[in-house]
Amino acid sequence: MTFNATDHVHMAHALRLAERGAYTTRPNPMVGCVIAHGDEVVGEGFHQRKGGPHAEVFALQDAGKRAVDATAYVTLEPCAHVGSTGPCADALIEAGVARVVAAMRDPFPQVDGKGFERLRAAGVEVAEGLMEAQARALNRAWLSRVERGRPWVRIKLAMSLDGRTALANGESKWISCEASRADVMHWRARAGALLTGSGTVLADDPQLTVRLDGDAGFVPPLRVVLDPGLATIARGRVREGDAPTLYLHAPDVKPPRGFTAARAPVQSTKGELDLEAVLALLAAREINEVQVETGATLSGALLRAGLVDELLLYVAPVLLGDRARPLFQGMAIDDMAQRMRLELVETRRIGDDLRLLLTPIAGS
């Protein structure tokens with residue numbers, strides 16, 4: 001399918017609009033919409049939060065009567081079912097839009113081509129696939145849950161130049177600089193859940209909350225503690241604040257009397273929770289994106305299991321020495337052929353630190 005320069009400009013604008021919902025739309029995808037006559041934009045909008053109007057509705061309201069015979073650029077196929085809102089395909093048809101350009105088909109079973117079918121049946125020209133790679137990258141976490149049945153998993157770690165995350169005694173505050181710690185808050189804000197292990201709770205007693213300056217609105221992510229034996233329940237900071245907390249534990253463990261925090265049993269073997277079962281449970285709770293903030297043991301276990309999609313590393317210009325703790329434990333690499341290869345997606349200077357975004361290379 002052929003798209004012209006104007007199509008690309010408007011779809012790029014729609015993708016930027018969609019990203020404005022990064023902190024608030026979950027568990028829904030981020031969607032943007034631009035309505036235009038040729039080069040002129042007459043309406044625009046983005047999906048702001050679950051249960052609220054979709055991007056197309058905001059854009060049509062903005063365009064008013066100028067939506068007639070216009071082209072609507074949408075980053076995701078317009079829905080064709082009644083959920084918390086009405087079908088966006090019907091809204092576009094009723095507004096008299098002549099053409100719809102969508103970046104990608106919606107794989108959600110209740111949509112999955114039905115929106116396109118409804119538009120075409122009403123005589124609206126439909127073109128799909130414009131900037132699809134960018135649209136998929138934008139909603140990679142939501143797509144992970146819908147298509148793979150598990151959330152997108154990102155491990156966040158701060159390390160020294162010699163690849164260490166804490167001193168031998170466990171002290172780790174602070175390897176990274178203040179600017180890096182502030183930057184982490186934006187990554188936390190876009191995650192549906194912040195996951196840690198019982199060892200980290202016992203050692204550091206983290207609060208795992210989002211602290212942003214200004215008027216940045218966000219939905220507090222769920223705090224998830226993997227605690228097979230519920231050994232950390234006396235630690236209170238992870239239950240402080242407005243964010244919800246969920247403890248995942250072994251099936252045969254019963255909480256003590258008076259324990260009121262949310263909890264759920266997960267299949268376990270030899271005292272270790274099944275990590276695939278953990279992610280499946282979170283997906284069932286409509287968690288799209290998990291940010292893991294924990295130590296080398298759980299980080300290494302997730303990496304070995306092939307359950308890590310992204311590594312967010314803050315590299316500080318310090319040295320901690322060979323007695324300090326490593327990034328990952330249990331890798332057991334004895335031959336160069338066994339090495340795990342990573343793709344460097346992005347490098348950015350954050351204060352005194354270097355932020356690296358990496359993804360594991362499949363098959364390495």
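Two strands count as paired if DSSP finds at least two bridges between them, and strands themselves are DSSP runs (E, at least two residues), as helices are (H or I, at least four), both numbered from the N terminus. The model is predicted, so local features need pLDDT of at least 70 and side-chain atom pairs count only at pLDDT 80 or more, while totals for chains, interfaces and linings use all residues. Residues are numbered from 1 along each chain as its sequence is written, and side-chain values use heavy atoms, leaving out hydrogens and water.

Select His249 to begin, and look in β11 for its bridge partner, Pro265. Strand β10 (residues 245–249) runs parallel to β11, with 4 bridges between them.

Now widen the selection to the open sheet of 9 strands, whose pairing is mixed and whose order is β11-β10-β9-β8-β14-β6-β15-β18-β17. At its edges, pairing on one side only, are β11 (262–265) and β17 (342–350). From one strand to the next the twist averages 20°.

Next select helix α7 (residues 178–190), which packs on the sheet and touches, among others, β6 (152–159), β8 (193–197) and β14 (289–292). Its direction makes about 165° with that of β15 (310–315), where axes are lines fitted to C-alpha atoms, for helices over the stretch in contact, and angles run from 0 to 180 degrees between N-to-C directions.

Then select Ile35, which touches residues including Val42, Leu60 and Ala70, not counting residues up to four places away in sequence; contact means heavy atoms within 4.5 Å.
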